[in-house]
Amino acid sequence: PEPAPRQVFSWTFAEGRTKFLAEVQRTRRHDTWKDYSWKLNGDDLRDLDGTPLPLITRQQLAGILGHIHRSGRETHAQNTQRALSRFWNWLAEDGQIAKSGVQPGIMHGLRAPEPSLVEDEVDPEDPFGAGYVPPMAEIGRIVAISRSGAVHDSVAAALELICWTLQRRRTIVEARRQDFEFLGKEQGGLWHIPPRSMKGRSKKSKRRPHTIPLPPPAWGVVQRMLDNETDSAWLFPQIRARRAGEDLTHINPSTMTHMLGWLPGVHASPHDVRRAFATHGETTLGLLRTDTAAILDHNPDARDVTGAHYALHNGTHRTWPIMQAWCSAVEAEIAGAVARLESVETLKAAVTAARKQGAGKVLLAAE
């Protein structure tokens, strides 16, 4: 049937996408906006750009998802479906329904095809299919290389802090000098991670800081950076601007993943280091699941009403023993790693060669 005039004069797919992405940019983190932008601006959806939104059917989008799936990009088909569903739900909200012409529930039931069945044999090196778990000796090697002088000081200190604190790479690079509290030479200090540096949905989060105890070995790397005379508010200031004329901020999160990929004898990504803590911490150090979660969980209050509203403390009475046990385990590996370490010249040459060959790890969304 001929479309009604109100359908023809509604937003096109491209116009609606522009409005939606602007709203995502306003309310979500930059990485979330970038992810939605990449999916909704893809070549697979390009033919819809000039089509009024009310004329786009669920069957039409399902056909596009099927094409993506059949091309071998099964995961991308599922991710695109989630982005499209979120897009259409926003279009049907009261604030923009008159301009989009999209009725609520019109895309309910939109699904990407089921993923193909895979019945391969279990990989003996990854029996759980969950990724690489670095041995403790590798964690010690990362710290040893970071202290060797083979890597720029800001990047090396950031890599070392990942090994001690197990926090996400964005949390590490966004650390500000004011976030750290010195308690004493014998005790170390505290890292009060603000909500803006934790994984979450809102830029205006009302969550409390996530406080990580830093025993003396961990505090040492923080103190080393605090002792540097600088006008920067960041603990790990950017070495050079990405583009001429831009202000210097902090080192880029991707630098952490790339540099770990370039270190000789190191196979771990930043996320793998977190996995080492949870795995070895529970199997070797005797930590409970609640212990490892207390350090790794970026938003524990999301499912804990008591923690969110009543138990108003930073939890360090419980997390100090956890971090002391982990730091002692890492310390036990460092001396041996240093003894086996190649010369600084050899390490620098290996890093340079890996950089030129593009041997950096592939970036993962979870990191």
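The residues that line the second largest cavity divide into three nonpolar, three polar and two charged, where Asp, Glu, Lys and Arg count as charged, Ala, Val, Leu, Ile, Met, Phe, Trp, Tyr, Cys and Pro as nonpolar, and the others, Gly among them, as polar. The model is a predicted one, in which local features need pLDDT of at least 70 and side-chain atom pairs count only at pLDDT 80 or more, while totals for chains, interfaces and linings use all residues. Residues are numbered from 1 along each chain as its sequence is written, and side-chain values use heavy atoms, with hydrogens and water left out.

The lining consists of Trp38, Lys39, Gly42, Asp44, Leu45, Ile68, His76 and Thr80 (a cavity being a set of points on a 1 Å grid over the protein atoms alone where a 1.4 Å probe fits but cannot get out, and lining residues having an atom within 4 Å of a point). Two or more of these residues come from each of helix H3 (30–40) and helix H5 (74–91), helices being DSSP runs (H or I) of at least four residues and strands (E) of at least two.

The structure also holds 11 aromatic pairs, with ring centres within 6.5 Å and planes classed as stacked under 30 degrees, edge-to-face over 60 and tilted for the rest. The rings of Phe20 and Phe87 have centres 5.1 Å apart and planes at 35°, so this pair is tilted; Phe20 in helix H2 (residues 13–27) and Phe87 in helix H5 are 67 residues apart, and both are buried (under 20% relative accessible area, 1.4 Å probe, protein chains only). Phe20 and Phe87 also belong to one aromatic cluster with Trp11, Phe13, Tyr36, Trp88 and Trp90.

Key: On a 1 Å grid over the protein atoms alone, a cavity is a set of points where a 1.4 Å probe fits but cannot get out, and a pocket is an open set with protein on both sides within 12 Å along at least five of seven lines; lining residues have an atom within 4 Å of a point. Rings of Phe, Tyr and Trp (its six-membered ring) pair if their centres lie within 6.5 Å; planes under 30 degrees apart count as stacked, over 60 as edge-to-face and the rest as tilted. Buried means under 20% relative accessible area, exposed over 50%, partly exposed in between (1.4 Å probe, protein chains only).
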